[in-house]
Amino acid sequence: MLFSSVGFLFRFLPVFMIIYLVFPKYRNIVLLIGSLIFYGVGEPYFVLLLLLSVAINYGFSWYMFWEPHSPQTNRKKKASRRRKRALVLAVAVDLGVLFVFKYWDFAAGSINAAAGKGFLPLLSLVLPLGISFYTFQMISYQIDCYRGTIAKRAGLLSFATYVCMFPQLIAGPIVRYGEVAERMASRRVRIRDLENGLKLFTLGLGLKVLLANQIGTLWNLIMTAGAGRLHPLVAWLGAFAYSFQIYFDFWGYSVMAMGLGKMLGFAIPRNFDHPYISRSLSEFWRRWHMTLGSWFKEYVYIPLGGSRKGTARTMCNLFVVWALTGLWHGAAWNFVLWGIVFFLLLSLEKRTFGKRLEQSLVLGHIYTVLLVPVTWVIFAITDMGQLAGYLGNLVGYHREDILVGVTQLVRYLKEYGVLLIACVIFATPLPAKLYWKWKDRWFVVLFLLGVFWWSVREIVLGSNNPFLYFRF
Amino acid sequence: MNGNKMRTFLEIIYNCPFILLVIFTSLVFVLFFDGAKEHKDEQEVAVLRLSDEGAEEENSEKGNDIAEESGQKKDDSIENDFENEAEKKADSAQNAGARKEKEDEMTINKDRKTDHTDPGNTGKAGRVEKHTTEFVEYAPIETNSRYYSDAGKIALTTVHDYVLENESYFNDAAFLGDSRTLGISDYAGLAGADFFCDNGMTIYKLLEDDGVTYQRTGEKVDLKEILQEKHYGKIYIMLGMNELGYGDTPMYLKQYLKVIRQIKEWQPGVIIYVMANLHVSREKNNMETEFNNININDKNVASARLANGRDVFYLDCNPLFTDEEGYLQAELTFDGVHLYAQHYDKWRDFLFEHGVEREEVLQTEADGQGKGFEKMGGSDGGSASQ
């Protein structure tokens with residue numbers, strides 16, 4: 001189920017919220033069952049995989065905290081060995097499942113291609129929804145248990161609820177157990193929380209449905225014509241359109257998750273901090289998908305030694321982090337390339353001009369605004385030939401005659417001009433600032449009501465006519 | 001106590017106006033939407049009724065019966081097929097629509113016959129086949145959708161002695177369609193033709209006031225006016241994708257028929273090409289929604305029935321772009337729906353290869369002499385006498 005669907009908005013959410021509020025004593029179990037229904041509607045089989053993963057992970061964490069009666073002398077040593085074993089096994093199982101579902105075909109295909117023959121079979125598995133997110137949450141839980149950040153083992157119900165909780169199950173943010181542990185034990189839902197939560201949710205819904213989905217059609221339009229024979233301005237327009245689409249899509253989803261979290265009595269961390277106003281790519285990544293960035297920082301980069309072990313080691317660590325970040329986003333070479341491009345640019349910034357950019361007034365902004373869309377193009381186009389064609393188009397190179405030229409550009413601008421301006425405005429911190437200033441004023445309430453129903457209208461039209469997103 | 005309760009109540013309202021507004025409007029909308037749905041149904045019924053009345057106005061009940069009888073007498077597999085299909089699928093109104101078309105044809109035939117009787121031509125009727133859109137049948141699958149059913153057959157391009165044309169053929173051509181036609185406009189390089197198309201265009205919207213964009217100027221125009229003012233030699237229509245999730249196939253067919261009849265009325269002697277809607281890719285094909293090739297094929301088969309091999313031709317471009325299972329080839333498309341710009345060349349060539357020379361025919365027919373007249377008279381005489 002998606003947040004931006006009629007089924008969620010008008011069936012699941014109201015029914016769930018009523019039950020949730022009527023039985024304050026059983027909130028965790030209500031939330032867990034609700035979340036499993038939420039997940040199971042779309043993934044009736046993978047819900048079993050999810051439950052199995054939860055059970056196995058809980059088993060390992062239980063083993064980690066297990067204290068058998070043994071002689072006092074080597075108790076500590078044994079305990080530490082046991083903890084390590086449990087951690088390694090748990091992480092191996094989690095990554096193994098992720099690997100099989102997400103990366104096997106990519107890895108096997110690449111090996112087969114390199115070997116020139118097919119000696120590894122392809123599985124053609126469907127990717128379970130949200131597996132990248134919940135796997136990372138469970139790994140963070142295991143590592144936190146191992147490190148002692150989580151001092152006391154969570155109850156099975158709490159752990160399962162933490163992993164499966166529907167606001168963040170499918171698309172993050174990646175919440176760490178420590179961030180919700182207290183609320184997991186007991187939480188109050190005040191009327192103000194419901195009100196503010198629903199407002200946030202509506203804002204997110206608007207970002208997703210009214211901005212991301214709409215501007216996405218422009219990118220689709222341009223890619224439909226095909227990369228390789230685009231006028232450079234059309235290519236840039238497409239890159240900006242996709243940059244807006246992916247941002248508002250993901251930010252919108254994260255804001256919806258925060259809003260829902262608030263309605264349930266949780267404080268889900270925020271995931272985006274206006275990334276497009278950054279002055280460098282390093283700053284961009286401190287503001288973009290913040291929970292993933294900090295996950296890699298805390299569980300990969302710092303354990304590898306971070307930047308404390310000399311330049312060579314730092315570079316190596318950065319490379320590992322960015323290759324993994326690339327792969328996390330998808331199992332294809334363009335994602336690896338995307339990660340490596342970030343590795344190169346970020347290392348360059350770190351070693352040379354990063355500080356100066358961040359202190360500059362305008363230059364840093366121009367640098368980010370021009371480079372980030374290029375990285376998104378690499379992210380978006382899986383086919384390497386097409387990707388090369390598109391990147392060529394961006395700098396004005398095309399092997400054959402331009403097919404999509406000024407005529408189409410004018411038409412696109414006519415059709416999408418207003419939307420593009422709206423996207424630019426919402427990429428700045430201004431709307432958020434105004435919202436926090438006036439969020440209880442009647443005109444904001446009415447505005448949000450408008451956003452809500454306008455979004456619903458788009459969703460309903462989209463379901464009657466499944467092509468709204470693509471618009472033939 | 002009571003005052004306290006009142007105060008809490010007011011506090012709640014004061015604290016969560018947004019939630020209350022959303023809940024309140026939701027309830028209002030639930031009531032409204034149910035009403036709207038009924039309203040829509042009523043409208044559809046009204047549309048059906050309207051076309052019924054239209055049919056009855058022109059032809060009396062008796063005329064209807066005669067048409068039906070003669071329709072049965074005619075040993076014409078396709079039209080019988082049409083009739084059967086219509087009976088199976090649609091309500092009586094649909095039948096009337098089908099009958100109506102037949103009557104139209106009959107009237108035209110009769111008119112021609114009285115105008116230019118040429119006894120020597122009936123023998124040639126066999127050579128110039130009239131209803132020559134062939135259907136390949138297969139075992140239909142069970143579908144459970146209010147939008148479509150499995151047609152159980154595939155329509156092939158109308159059989160005809162097509163002529164290889166060049167770009168000048170399209171100088172008096174108009175294309176009416178959705179985003180796929182927009183693609184032809186943008187990338188097929190048919191500069192001489194007029195394109196009237198929009199993303200999301202449907203057969204229902206086509207003739208609305210200011211309903212469609214004239215691509216040469218980029219402005220919304222009223223196609224009704226244009227078709228009455230400017231004369232086109234050929235009109236290409238390709239619509240059906242945005243209708244997949246609206247109404248159902250009989251309703252689509254009925255509207256298509258209406259549009260074609262209207263165009264024929266405004267553009268006497270025009271050649272109409274009904275173009276098949278391109279299938280979608282395997283990835284995009286979704287049997288759980290109405291967005292799949294079974295539905296597209298259902299629409300295509302329906303529109304192919306409108307082809308008569310005389311002035312309406314059905315062109316199926318799908319074989320150019322689909323694999324053996326009928327899916328749009330993945331490497332030809334980004335979104336599984338639209339061709340990449342570079343592949344429209346193939347489509348253009350396909351259109352070049354399927355030219356019908358009708359103007360000459362009409363010209364000579366008007367003069368009342370020449371080969372074209374024989375050809376014309378032959379086919380018409382044949383259809384009337386059979």
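Trainee: Which residue is the bridge partner of B:Leu176 in E7(B)?

Mentor: Two strands pair if DSSP finds at least two bridges between them, and in E7(B) the partner of B:Leu176 is B:Ile237. Helices (H or I, at least four residues) and strands (E, at least two) are DSSP runs, numbered from the N terminus. Five bridges join strand E3 (residues 173-177) of chain B to strand E7 (residues 234-238) of chain B, and the two run parallel. This is a predicted model, in which local features need pLDDT of at least 70 and side-chain atom pairs count only at pLDDT 80 or more, while totals for chains, interfaces and linings use all residues. Residues are numbered from 1 along each chain as its sequence is written, and chains are lettered from A and ligands numbered from 1 in the order in which they are written.

Trainee: To which strand do four bridges join E3(B), and through which helix does the chain cross?

Mentor: Four bridges join E3(B) to strand E4 (residues 194-197) of chain B, again in parallel, and within E4(B) the bridge partner of B:Phe175 is B:Phe195. The chain crosses from E3(B) through H6(B) to E4(B) in a right-handed β-α-β crossover; the term applies if, with the strands pointing away from the viewer, the path from the first strand over the helix to the second runs clockwise.

Trainee: Is E3(B) mostly covered or mostly open?

Mentor: A residue is buried if 20 or more other C-beta atoms, placed from the backbone, lie within 10 Å of its own, exposed if 12 or fewer, and partly exposed in between. By that rule, five of the five residues of E3(B) are buried: B:Ala173, B:Phe175 and B:Gly177 point one way, whereas B:Ala174 and B:Leu176 point the other way.

Trainee: How far apart are the end C-alpha atoms of H8(B)?

Mentor: The expected span of a helix is 1.5 Å times one less than its number of residues, and for the 18 residues of helix H8 (residues 249-266) of chain B this gives 26 Å, in agreement with end C-alpha atoms that are 26 Å apart. H8(B) is also mostly covered, with 13 of its 18 residues buried. In chain A, helix H5 (residues 131-147) has 17 residues and reaches 24 Å from its first C-alpha to its last, close to the 24 Å expected. Because 14 of the 17 residues of H5(A) are buried, that helix is largely enclosed by the rest of the structure, and it is followed by A:Gly148, whose phi is positive, near 90°.

Trainee: Where is B:Leu306, and which residues does B:Leu306 touch?

Mentor: B:Leu306 is in the loop between helix H9 (293-304) and strand E9 (312-315) of chain B, and counts as buried because it has 21 C-beta neighbours inside 10 Å. Two residues are in contact if their C-beta atoms, placed from the backbone, lie within 7 Å; not counting residues up to four places away in sequence, B:Leu306 touches B:Tyr256, B:Leu257, B:Ile260, B:Val274 and B:Val312.

Trainee: How many residues of chain B are in contact with chain A?

Mentor: There are 31 residues of chain B in contact with 29 residues of chain A. H2(B) gives the most to the side of chain B that touches chain A, with seven residues.
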